Amino acid sequence: MNFHPFRQLPSRPLNLQTPHSKFSYYYGSCRNLVGPRRLSKMNAGGLASNGRQFKNPDEMWREEVGDQSKKSEWYNKGVSYWQGVEATVDGVLGGYGHVNDADIKASEAFLNTLLAERFTDAGRGHHLVALDCGSGIGRVTKNLLIRYFNEVDLLEPVSHFLEAARGNLAPENLLVSDSYKAANFYCLPLQDFTPDAKRYDCIWIQWCIGHLADDDFVSFFKRAKGGLKPGGFFVLKENIARAGFVLDEEDKSVTRSDSYFKELFNQCGLHIWKMKDQKGFPDELFAVKMYALTTEIPKIVNPSKTRRQSKNRPGVIK
């Protein structure tokens, strides 16, 4: 299931996210320990796509998922929305399939930096395994992950997306050697998934975490931490609201602000190893940010040493 990367908001004056240049919140690549913030996200208001306003996230979540019946309805509506979307790149990208190349290019540069910093040999000589969360039709796996990771597992609750991914990632449709493959296909939502212990070097989560309520967001990451190998990391790539949050009533998802995300990361016991803004998208779209998250506190590394490390190389093409 892919959270719409490019959902626009009502055309009305807002003190929140509006269609704008998505790069106004660029923080650059840095290593930040997530810590207490002066202004809690609990004090930040939000807006729904139908014009409703909320004083804070707690008010919104009480209305949307305040009991088990409401929470089940929330998740069912989210899956139902995507069940009506065609299993194509343009479909999963909300009609913006033409930004696929820019998305993959930025993600690949980010991943190369992480592999060079997290592994002494930038991952060469390791049997690397990744999990693609909200994998949809396997777009990110096919265009990126399977060229760097020997095995990629896909997690996706929308069955026709996952079936399309099986076809897209069949060996005869890949341009990598036999040592790189899509290993497992899990038809499950994030909130119901528990990874095998210490299986993954990277857990990649893109345009899907907005479907999780805050409590399930925290629970998912706490479970998923157990699925990381020593030295493993998360990559979260998501839309960013200018402030507070934006509720999409149609697909039942929430776009959170950078500060909102950071408070949730803190609750998950995660630290920001690096973060960077996506570039090259049309100006009318939401800002998109990439976060590399680790369970350990980042250490200061000599920048000159990092620059001298060679880039990781993708899988050898047949």
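Is Asp178 buried or exposed? Asp178 is exposed, with a relative accessible area of 65%, where exposed means over 50%, buried means under 20%, and partly exposed covers what lies in between (1.4 Å probe, protein chains only).

1. Basis of the model. This is a predicted model, in which local features need pLDDT of at least 70 and side-chain atom pairs count only at pLDDT 80 or more, while totals for chains, interfaces and linings use all residues. Residues are numbered from 1 along each chain as its sequence is written, and side-chain values use heavy atoms, with hydrogens and water left out.

2. Confidence. The pLDDT, which is the predictor's confidence in each residue on a scale from 0 to 100, has a mean of 86 for the protein, and 81% of the residues reach 70 or more. Over residues 6–39, however, the pLDDT is below 50, although this stretch has 98 contacts in the model beyond near neighbours in sequence; a contact means heavy atoms within 4.5 Å.

3. Overall make-up. The secondary structure comes to nine helices and 11 strands, taken as DSSP runs numbered from the N terminus (helices are H or I, at least four residues; strands are E, at least two). Of the 318 residues of the protein, 57% count as buried, and the exposed surface comes to about 13400 Å², 50% of it supplied by carbon and sulfur atoms; accessible areas come from the Shrake-Rupley method with a 1.4 Å probe, and for residues only the protein chains shown count as cover. Among contacts with a separation of 6 or more, 76% are between residues 24 or more positions apart.

4. The sheet. Seven strands form an open sheet in the order S5-S4-S3-S6-S7-S11-S10, with mixed pairing, where two strands pair if DSSP finds at least two bridges between them. The edge strands are S5 (181–186) and S10, each of which pairs on one side only, and the twist averages 20° from one strand to the next. Strands S3 (residues 129–133) and S4 (residues 151–155) pair in the parallel sense over five bridges, and Asp132 stands opposite Leu154 in S4.

5. The S10 edge. Although S10 is an edge strand, this strand (residues 271–277) is mostly covered, with six of its seven residues buried. S10 pairs with S11 (residues 287–294) in the antiparallel sense over six bridges, and the bridge partner of Asp277 in S11 is Lys289. In the loop between S10 and S11 is Leu285, which counts as buried at 1% relative accessibility; Leu285 and Asn239 are 46 residues apart in sequence and 9.0 Å apart in space, C-alpha to C-alpha.

6. Helix H8 lies across S7, S10 and S11, running at about 155° to S7.

7. Just after H8, Gly269 takes a positive phi of about 75°. Ser257 lies in the loop between strand S9 (253–256) and H8 (258–268) and counts as buried at 3% relative accessibility. Leaving aside neighbours within four places in sequence, Ser257 is in contact with Ile240, Ala241, Ala243 and Gly244, and its C-alpha is 5.1 Å from that of Ile240, 17 residues away in sequence.

8. Nonpolar cores. In soluble globular proteins, nonpolar side chains tend to be buried together. A nonpolar core here is a set of buried Ala, Val, Leu, Ile, Met, Phe, Trp, Tyr and Cys residues joined through side-chain atoms within 4.5 Å. The largest core has 43 residues, of which Ile205, Ile209, Phe217 and Phe221 touch the most other members. Apart from it lies another core, of 32 residues, among them Leu114, Leu128, Ala182 and Met290. Not counting residues up to four places away in sequence, Ile209 touches Leu190, Phe217, Phe220, Phe221, Leu236, Glu238, Arg256 and Phe261.

9. Setting of Asp178. The exposed Asp178 is found in the loop between helix H6 (159–168) and S5. Asp178 and Asn150 are 28 residues apart in sequence and 8.9 Å apart in space, C-alpha to C-alpha.

Methods. Axes are lines fitted to C-alpha atoms, for helices over the stretch in contact, and angles run from 0 to 180 degrees between N-to-C directions.
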